[in-house]
Amino acid sequence: MNLMPRTFGGSSRVAAVIAVAALTLVIPAGRAQTPVADTAAEAHPAHIHSGTCDQLGDVVYPLADVVTLTGEEMGAAGGHPVKVSEVNHVDVPLQEILDGGHAINVHESAEAIDVYIACGNIGGVVHERENGEGMEIVIGLAELNDSGHVGIAWLGDDGEGGTNVSVSLIEPEEMQ
């Protein structure tokens, strides 16, 4: 897998995206809590759009806002915050999303909905879920408009004809 596409830039960003990818692969299966927004930080609306990041079409499926989680911090000091969405249920099969030419787009805020901060085309290597219950794909979300945000989105069969989607963002510059 080539993690050095033109959209991510330097190796520190690639390392950050790899770290988020590893984290997100665990989150959808084991998340026991619903994300709670940090009231000091903005929520970032996210959607699945028709089209590609180069030419976004209409919103096809709204997703939960991407937010900074709050709560008791545990583990090593100095952990870097990851903004995540709750696991979204989209009432359409993953294959239909893959076949339809779609992208996931994240906005700066509800007030600045026309400012896009990260986007990723839904396509790439699809593989069998670890538990053998359908397909899943992880896509990269590239920074837009010098937002400082990059991330990934996980999409997986829900076992009942729908798709679960989770979006995660980081700000690599804040990690230095």
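Here are some questions and answers about the predicted model shown above.

It is a predicted model in which local features need pLDDT of at least 70 and side-chain atom pairs count only at pLDDT 80 or more, while totals for chains, interfaces and linings use all residues. Residues are numbered from 1 along each chain as its sequence is written, and side-chain values use heavy atoms, with hydrogens and water left out.

User: Which two cysteines form the disulfide, and how far apart are their sulfur atoms?
Analyst: A disulfide here is a pair of cysteine sulfur atoms within 2.5 Å. The structure holds one of these. The partners are Cys53 and Cys119, with their sulfurs at 2.1 Å.

User: How many residues apart in sequence are the parts tied together by Cys53 and Cys119?
Analyst: Helices (H or I, at least four residues) and strands (E, at least two) are DSSP runs, numbered from the N terminus. Cys53 sits in the loop between strand 1 and strand 2 (55-68), and Cys119 in strand 6 (residues 116-121), so the parts this pair ties together are 66 residues apart in sequence.

User: Is Cys119 buried or exposed?
Analyst: Buried means under 20% relative accessible area, exposed means over 50%, and partly exposed is in between (1.4 Å probe, protein chains only). Cys119 has a relative accessible area of 5%, which means Cys119 is buried.

User: Which residues does Thr52 touch, not counting residues up to four places away in sequence?
Analyst: Thr52 belongs to strand 1 (residues 44-52) and is partly exposed at 34% relative accessibility. A contact means heavy atoms within 4.5 Å. With residues up to four places away in sequence set aside, Thr52 touches Ala103 and Asn121.

User: What separates the C-alpha atoms of Gly140 and Asn121?
Analyst: Gly140 is in strand 8 (residues 135-143), and with 32% relative accessibility it counts as partly exposed. Along the chain, Gly140 and Asn121 are 19 residues apart, and their C-alpha atoms are separated by 8.0 Å.

User: Which side chain meets Lys83 in a salt bridge?
Analyst: Side chains of opposite charge can pair when their charged atoms come close. A salt bridge is a side-chain nitrogen of Lys or Arg within 4 Å of a carboxyl oxygen of Asp or Glu, and the count comes to two. Lys83 is buried at 11% relative accessibility. At 3.3 Å, N to O, its partner is Glu171.

User: What is the N to O distance in the salt bridge of Glu136 and Arg129?
Analyst: Glu136 is buried, and so is Arg129. Their side chains meet in a salt bridge with an N to O distance of 3.8 Å.

User: Which residues have the most contacts inside the largest nonpolar core?
Analyst: A nonpolar core is a set of buried Ala, Val, Leu, Ile, Met, Phe, Trp, Tyr and Cys residues joined through side-chain atoms within 4.5 Å. The largest one has 22 residues, and those with the most contacts inside it are Ile104, Val106, Leu141, Leu155 and Val167.

User: What is the phi of Asn145?
Analyst: Most residues other than glycine have a negative phi. Asn145 lies in the loop between strand 8 and strand 9 and is exposed, with a relative accessible area of 59%. Although Asn145 is not a glycine, its phi is positive, at about 55°.

User: Where does Asp146 lie?
Analyst: Asp146 is exposed, with a relative accessible area of 76%. Its phi is near 55°, a positive value in a residue other than glycine. Asp146 lies in the loop between strand 8 and strand 9.
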